[in-house]
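Here's a quick briefing to read alongside the model.

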Amino acid sequence: MECSTTSHDASSISDEVLLARFAQGDPHALDLLFSRYRALAYRVAYRLLGQEADALDAVQEGFINALKNIQRFQGRSTFKTWLLRVVSNAALDLGRKRSRREAYGCESLGSLGAEDEPAMPGREPSFGMEQQDLRRQLDLALATLPEAQRQTLVLHLEGELSYREIAELLQISIGTVMSRLFYARQRLKCVLTPCVES
């Protein structure tokens, strides 16, 4: 008996089951997997790039790359971890291309955070403006981090990955993950403290 998966019961199906269904010829299973992680992938790409349009491009490119290389996923990590690696690599590649295209330095730093994430409904307008300003400051501060630290921090905070998952994803030790996160947080603290105190 053929069973159609509704959006209501799709959330209860594990990634492994959906991957098995895809391997057996069900293309809808992969659509469900991608839709499950679309918002998370966008948050990671947005924090790495700082612009909505670039983040959407990176997610699209990442999902295309994941689709092309789905047979390379061997289950040594979770599908979520593997997909976020593909998306974060696409975002970093896009960021490098953008940097090469732009005039030296100032233009790219000034544009980070120019496009804001949607404000939360039901809040005071002043709260939304404060949130946008904080997000802009965070985006600028993230841009000052070395790429490896930025990627590690974003995967941990926005991608919701554990130290072990990040270590497996980036093929580094847990100690290196901890070190990168420590130095990234220290750098952000130095950059953001004057903004918060002013």
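The chain exposes about 11,800 Å², and carbon and sulfur atoms supply 54% of that area; accessible areas here come from the Shrake-Rupley method with a 1.4 Å probe, and for residues only the protein chains shown count as cover. This is a predicted model, in which local features need pLDDT of at least 70, side-chain atom pairs count only at pLDDT 80 or more, and totals for chains, interfaces and linings use all residues. Residues are numbered from 1 along each chain as its sequence is written, and side-chain values use heavy atoms, with hydrogens and water left out.

**Overall layout**

- The chain has ten helices and zero strands, where helices (H or I, at least four residues) and strands (E, at least two) are DSSP runs numbered from the N terminus.
- Of its 198 residues, 39% count as buried (under 20% relative accessible area; over 50% is exposed, in between is partly exposed, with a 1.4 Å probe and protein chains only).
- Among contacts (heavy atoms within 4.5 Å) with a separation of 6 or more, 66% link residues 24 or more positions apart.

**Helix α2**

- In α2, which spans residues 15-23, the buried residues are Asp15, Leu18 and Leu19.
- Looking down the α2 axis, its buried residues fall within an arc of 100 degrees, so they line one face of the helix; the arc is taken over directions from the helix axis to the C-beta atoms.
- An α-helix has 3.6 residues a turn, so residues three or four places apart point the same way.
- Gly25 follows α2 and has a positive phi, near 105 degrees.

**α3 against α8**

- The axes of α3 (residues 27-49) and α8 come within 9 Å and cross at roughly 150 degrees; axes are lines fitted to C-alpha atoms, for helices over the stretch in contact, and angles run from 0 to 180 degrees between N-to-C directions.
- That makes α3 and α8 roughly antiparallel to each other (the term covers angles over 145 degrees).
- On the α3 side, Val44, Arg47 and Leu48 meet Arg150, Gln151, Val154 and Leu155 of α8.

- Most residues other than glycine have a negative phi.
- Glu160 isn't a glycine, yet has a positive phi of about 60 degrees; Glu160 sits in the loop between α8 (147-157) and α9 (163-170) and is partly exposed at 48% relative accessibility.
- Gln171, also not a glycine, has a positive phi near 55 degrees; Gln171 lies in the loop between α9 and α10 (174-197) and is exposed, with a relative accessible area of 64%.

Terms used:
Parallel < 35°, antiparallel > 145°, perpendicular 65-115°, else oblique.
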